[in-house]
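Here are my notes on this one, point by point. Have the viewer open while you read.

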Amino acid sequence: MTKRYSITFWATVFVGAVCLSLIVVDVWRSINARSGQLQEMERLSSNVARAMAQQADDTIKAADTALADIVERLETEGKAPLRLDRVHRQMQAQVANLPQLVGLFVYDEQGRWIVNSREVSGEQTFNNADREYFIYHSAHAERGPHVGDPVISRSSGKWIMPVSRRIDKPDGSFGGVALATLDIDYFRRFYQSFDIGRRGAVALIANSGTLMLRQPYDGNRVGMRMNDTPLFREYIGRSGDARVGSANFASSNDGEMRLNSFRPLEHYPLFVTAALSREEMLERWRRDTFMRSVGVVLLAALMGYFGKRLVGQIKLREQAETELRKARDALESVNRTLERQAMQDGLTGLANRRQFDVTLGNEFSRAMRHETTLAFIMIDVDYFKQYNDVYGHSAGDEVLRAVSKLIRALTPKRPGDLTARYGGEEIGILLPNTDIDGAHAVAERIRRAIEELRMPHSGSSYGFVSISAGVATIAPKRGMHLAPVLVEAADKALYAAKSAGRNRVCLAAQDAPAGTIVG
Ligand SMILES: Nc1nc2c(ncn2[C@@H]2O[C@H](COP(=O)(O)OP(=O)(O)OP(=O)(O)O)[C@@H](O)[C@H]2O)c(=O)[nH]1
């Protein structure tokens with residue numbers, strides 16, 4: 001069986017569901033906003049990395065192009081003083097044109113400067129045979145560019161990035177090195193133009209693991225090895241297109257958790273990384289989420305409060321309705337009892353005289369309309385006065401109850417049949433649609449049953465309680481008969497039964513005028 005829930009229950013469920021959905025929608029929105037913020041962060045860092053890689057590639061390429069040109073001239077035109085003079089002017093023009101260039105240098109196979117972009121007069125010279133790039137080219141025959149680890153320039157004292165190419169002698173043996181030194185500061189100025197937040201960082205790193213530059217700048221960190229950092233291991237562990245990507249790491253430098261977007265340079269063995277702090281990027285989201293959550297919680301609390309009051313009101317109304325319903329039911333039940341009592345005899349439980357009179361009137365009219373016969377039996381306990389005198393009034397009451405119970409049990413139960421206490425110790429039975437024989441049979445059955453009870457009655461000539469009955473029937477005709485005629489006829493028949501010795505049933509003559517008795 002399905003349980004029916006009250007309106008209070010549904011109101012509580014409704015208020016709860018509204019509050020809950022408010023919170024759920026807000027949580028869902030916050031989660032979405034967070035992932036949107038992280039996506040935005042990834043887009044931003046990846047764009048910065050792309051710009052950095054492009055700039056680094058272009059910057060190195062411009063210097064490298066100048067180098068390739070110098071190498072080509074020296075190899076084809078030789079190193080005669082006149083030729084070197086032309087190369088010198090060309091170098092000066094290149095350095096003037098390219099702001100990233102600190103200088104251009106050419107060393108012979110011993111590492112001695114033979115020409116450079118600086119003024120020739122009074123110039124000091126250095127031997128750079130100990131530099132990494134010089135050792136590299138003397139040992140490798142490849143003609144491509146070589147990007148070395150950053151060093152502090154012997155000539156300018158600045159941090160520089162060496163880009164070099166090998167010069168071959170006509171026989172293909174090592175003939176020296178052409179070197180371009182790039183100003184690390186040139187990259188730094190470019191990196192400063194990015195808005196990467198207060199806790200973001202960008203870096204240019206060689207594929208060998210050497211840090212070229214990191215912004216925020218720290219001169220002591222230029223040239224350090226990054227091989228053991230998670231960032232470097234992640235990048236080097238990838239290959240091909242996968243080297244363009246992002247990953248989250250706690251920085252080996254300051255422990256900050258950052259989203260790192262990395263990207264290789266197209267033409268040189270270097271890569272860039274742009275890292276944005278997750279905490280910093282989520283700061284605004286956190287602030288917004290906090291403010292909104294406070295608002296939502298307040299709203300939910302308000303709704304909960306007013307909802308609770310509303311539910312309380314509904315509950316009160318429901319209780320009042322229930323009380324009212326109960327009171328109405330109680331009233332109806334009292335009314336019914338009163339009604340029943342008004343129509344019932346208190347001692348015997350039979351219909352009382354009032355109900356009898358009403359029913360007699362109704363059934364008399366019905367019999368008249370339908371032209372049917374209405375029978376009436378009038379029963380009277382014999383020698384009842386004596387019984388009261390001998391056994392007491394309350395014992396007399398008991399006899400009346402017992403006789404009534406038996407009469408009721410033996411009276412037919414058709415609609416319209418009625419057993420009523422007519423008055424005193426007289427009981428009347430109204431039997432609609434019953435002829436004289438049928439009524440006689442009922443009366444006789446009752447008389448015999450009471451006789452068989454053998455209730456002692458020393459005041460009776462029979463020695464036990466008995467009844468006498470008068471039976472009458474009538475087929476009432478409009479304008480001819482009135483209801484009391486039937487009662488009078490039965491009463492006369494009863495009188496006849498008494499006169500004939502009691503404990504018997506007498507019939508009134510059928511449809512006879514009152515007083516005609518058939519024994
Ligand atoms: N115990 C008791 N007695 C009642 C009740 N109603 C009427 N009576 C008594 O019934 C008796 C009726 O007496 P009578 O009318 O003289 O008739 P009877 O003594 O039965 O004699 P017959 O009818 O001639 O046999 C009276 O004494 C009434 O007081 C009642 O409710 N309880």
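1. Ground rules first. Helices (H or I, at least four residues) and strands (E, at least two) are DSSP runs, numbered from the N terminus. Residues are numbered from 1 along each chain as its sequence is written. This is a predicted model, and local features need pLDDT of at least 70, side-chain atom pairs count only at pLDDT 80 or more, while totals for chains, interfaces and linings use all residues.

2. The overall picture. The chain has 11 helices and 17 strands. Of its 519 residues, 34% count as buried; here buried means 20 or more other C-beta atoms within 10 Å of a residue's own, exposed means 12 or fewer, and partly exposed is in between, with C-beta atoms placed from the backbone. Taking contacts between residues at least 6 apart in sequence, 62% join residues at least 24 apart. Two residues are in contact if their C-beta atoms, placed from the backbone, lie within 7 Å.

3. The α1/α6 pair. Two packed helices are described by the angle between their axes and the distance between the axes. Helix α1 (residues 7-77) packs against helix α6 (residues 278-342) at an angle of about 175°, and their axes are 8 Å apart. That makes α1 roughly antiparallel to α6. Their contact has 19 nonpolar, eight polar and five charged residues. For the bookkeeping, axes are lines fitted to C-alpha atoms, for helices over the stretch in contact, and angles run from 0 to 180 degrees between N-to-C directions. Angles under 35 degrees count as roughly parallel, over 145 as roughly antiparallel, 65 to 115 as roughly perpendicular and the rest as oblique. As for classes, Ala, Val, Leu, Ile, Met, Phe, Trp, Tyr, Cys and Pro count as nonpolar, Asp, Glu, Lys and Arg as charged, and the others, Gly among them, as polar.

4. Record versus model. The unreviewed UniProt entry annotates residues 6-28 as "transmembrane region". In the model that span is 96% helix and 0% strand, and its end C-alpha atoms lie 32 Å apart. The UniProt entry, again unreviewed, also puts a "coiled-coil region" at residues 317-344. Residues 317-344 come out 93% helix and 0% strand, with 40 Å between the end C-alpha atoms. Keep in mind that UniProt positions are in the numbering used here, feature names are shortened, and annotations may be inferred rather than shown by experiment.

5. D58. This residue sits in helix α1. D58 counts as partly exposed because it has 13 C-beta neighbours inside 10 Å. Its C-alpha is separated by 9.5 Å from that of E266, 208 residues apart along the chain.

6. The ligand shell. Which residues are closest to the ligand? They are D382, F384, K385, G396 and G424, out of 17 that surround it; the cut-off is a C-beta atom, placed from the backbone, within 6 Å of the molecule. By class, the shell has five nonpolar, five polar and seven charged residues. β12 (374-381), α8 (384-391) and α9 (393-410) each supply at least two of the shell residues.

7. α8 against α9. These two helices pack at an angle of about 130°, with axes 7 Å apart. That makes α8 oblique to α9. On the α8 side the contact uses F384, Y387, N388 and Y391, and on the α9 side H393, A395, G396 and V399. The contact residues divide into five nonpolar, three polar and no charged.

8. Y383, in the loop between β12 and α8, has a positive phi of about 50° although it is not a glycine. Y383 is partly exposed, as 19 other C-beta atoms lie within 10 Å. R502 is not a glycine either, yet its phi is positive at about 70°; R502 is in the loop between α11 (484-499) and β16 (505-508). With 17 C-beta neighbours inside 10 Å, R502 is partly exposed too. Finally, the peptide bond from Q215 to P216 is cis, with omega near 10°, and P216 is in the loop between β8 and α5 (230-236).

9. N207. Look for N207 in the loop between β7 (201-206) and β8 (211-215). N207 is partly exposed, with 16 other C-beta atoms within 10 Å. Setting aside neighbours within four places in sequence, N207 is in contact with P269, L270 and F271.
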